[in-house]
2 protein chains.
Amino acid sequence: MTTTTQRRKVTPTASCIEPDRSTPVAEAPDDDTLALMAKALAHPARVRIIRVLDERTTCVTGDVVLELGLAQSTVSEHLRILREAGLIQGEIEGPRTRYCVNATGLAALKAGIVAL
Amino acid sequence: MTTTTQRRKVTPTASCIEPDRSTPVAEAPDDDTLALMAKALAHPARVRIIRVLDERTTCVTGDVVLELGLAQSTVSEHLRILREAGLIQGEIEGPRTRYCVNATGLAALKAGIVAL
DNA sequence: TAGTTTCATCGCTGTTCGACGATTACCGAT
DNA sequence: ATCGGTAATCGTCGAACAGCGATGAAACTA
């Protein structure tokens, strides 16, 4: 066993305290990237997470777990997928992780879809 | 073996001869539908197909096969997925099938994504 | 009628996903 | 140093996906 460092891998891209609700200009991504982003949204739970993060200001993992009614590990997995697709971003806040929508990534997705 | 009717199941929704390039108004779909549409786009080949259908006017299955460089059966499968998601539509034209973008379905997808 | 073209479907294989419980790591407090 | 809370990761299992060759159904053609 490699005993790789667990947890603490949220790659804090930007702050979630003051979520950026503006829609930045974004270029339409290429086919592969667009497909990757679409795949991140290709599950009702993950679409739901995006909405929850957009409506709430709390957006801590535990809140999302309660909101979705899925197992904590399952939600954490969905959050990871969305995070790696660049659609949300996480920020470590003491013992918990605060998530919010990644406006830049989401804008890129929108640009790519609208350009179809 | 049930010997189900093979082929001839393209459900001609509308004509592909005169592709409707206007963007109809569409309501944002619910989470499940949006996830389903996103899943249909969650593969580079299928994103590619949408583009090919949008650029070309030919849009027969064989053309898409040549364009993608995948096996005919594989492409046919991708076309089925896009068709069942309501993003494209097929029309039987003699021995071949003519495909084109389903403007209504695509508009619904765009509306759903932009509303996020 | 027989032969050809076109394309959807079937059967198969290997890969990836989705969900969960269990585990582990990190943090803050006792 | 230990404990409690929080959340990411691991391991597992069944289901779904992605690709392809082979088969078969239509619809033309000769």
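Predicted model: local features only at pLDDT ≥ 70, side-chain atom pairs only at ≥ 80, totals over all residues.
Local features need pLDDT of at least 70, side-chain atom pairs count only at pLDDT 80 or more, and totals for interfaces use all residues. Residues are numbered from 1 along each chain, chains are lettered from A, and side-chain values use heavy atoms, without hydrogens and water.

**Both chains.** Start by colouring chain A and chain B.

**The interface.** Next, select the contact residues (heavy atoms within 4.5 Å): 21 in chain A meet 21 in chain B. The chains bury about 2000 Å² between them, 70% of it on carbon and sulfur atoms (accessible area lost on being put together, 1.4 Å probe, summed over both). Now show A:Asp31, A:Arg51 and A:Leu116, which lose the most area in chain A, together 31% of what that side buries.

**A salt bridge.** Zoom in on A:Arg51 and B:Asp31, whose side chains form a salt bridge at 2.7 Å, N to O (Lys or Arg side-chain nitrogen within 4 Å of an Asp or Glu carboxyl oxygen). The interface has 2 salt bridges.

**The cysteines.** Finally, select B:Cys59, which is buried at 4% relative accessibility (under 20%, 1.4 Å probe, protein chains only). Its sulfur is 5.9 Å from that of B:Cys100, too far for a bond; a disulfide needs sulfurs within 2.5 Å.

How values were computed. Buried < 20%, exposed > 50% of the residue type's maximum accessible area, 1.4 Å probe, protein only. Buried area = accessible area lost by both parts, 1.4 Å probe.
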